[in-house]
Amino acid sequence: MLASLEAANCSKEQHCSYESRMIRPVQRVVQYPLLLRAIQSCCDQDSLHAKQVEVALQKMQTLAEYVNEMQRVHELYAPHIDVLRRQNDVLFREKGLRIDIRDLLLFAHIQWLNAEKSMQEYVIFVFHTLILLLPRNARRDLKMKLTRVLPINEVEVEDDKKDDPVLTIVHSRTVAERHYDASYYIACCQLALKQQLIRSIKKARANFSRETRRPLSGSSQSDGGYGSDPMKERKSSS
């Protein structure tokens, strides 16, 4: 496929390459605020049009910031995420996990307080099915022991200090019939970020539970498939 895309660029000019064409929509997104500012300058200050343009401008600025940030995240961390995906392929398939930027609910710079003092600066990613902890300044030769992959259905959030931007993520798992708990003390830069992180984790847990819930088959009473009460039936038959 890559060869076909390259062959389609007969002129061999950079601006005609498939990379250039694919990045064009993203570039246009960040140009919209400039267009809206130009339109805003032509509107009467207190007019309805000026207010509508102001609302549109705020939304487009937020979108442009998001696009730029996600592009930066992809450039910095996508290679490490790909390595993690390959190395944990068996685990992911067994537990129904999926690690994909399109499933990203939240990412943030945090401090992992109970990690080694020299390695407390981390980035936390909350995906639909898992939480990922990566060192903030991850190098190409990143050691996997410095990363953490936490299945979303195996974590609980403890928020004992409501006015403190610190929370605890408890990872509970069972291996060979033995139960293990690991606590991660996470410090956010702001209280609002902590609250958003908690909401994202709870949302991911709720969505994961709905996706993995056993469908109603109607084949047993535990599925709600029987409309009659077995006890009543036994009494009536006797």
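Reading the labels in a predicted model

Student: Why is tyrosine 32 called partly exposed?
Tutor: Its relative accessibility is 43%. Buried means under 20% relative accessible area and exposed over 50%, with partly exposed in between (1.4 Å probe, protein chains only). Tyrosine 32 therefore counts as partly exposed. The model is predicted, so local features need pLDDT of at least 70, side-chain atom pairs count only at pLDDT 80 or more, and totals for chains, interfaces and linings use all residues. Residues are numbered from 1 along each chain as its sequence is written, and side-chain values use heavy atoms, leaving out hydrogens and water.

Student: Why is aspartate 103 called buried?
Tutor: Aspartate 103 has 11% relative accessibility, so it counts as buried.

Student: What makes a polar contact with the side chain of aspartate 103?
Tutor: The side chain of arginine 98 does, at 2.5 Å. A polar contact is a pair of N or O atoms within 3.5 Å; within protein, one must be able to donate a hydrogen and the other to accept it, and residues adjacent in sequence count only if both atoms are side-chain atoms.

Student: Which residues does aspartate 103 touch, not counting residues up to four places away in sequence?
Tutor: Arg98, Val126, Phe127 and His128. Contact means heavy atoms within 4.5 Å.

Student: How many bridges join strand β6 to β7?
Tutor: Ten bridges join β6 (residues 166-175) to β7, and the two run antiparallel. Strands pair if DSSP finds at least two bridges between them. Strands (E, at least two residues) are DSSP runs, numbered from the N terminus. Within this pair, threonine 168 stands opposite tyrosine 185 of β7.

Terms used. Helices (H or I, at least four residues) and strands (E, at least two) are DSSP runs, numbered from the N terminus.
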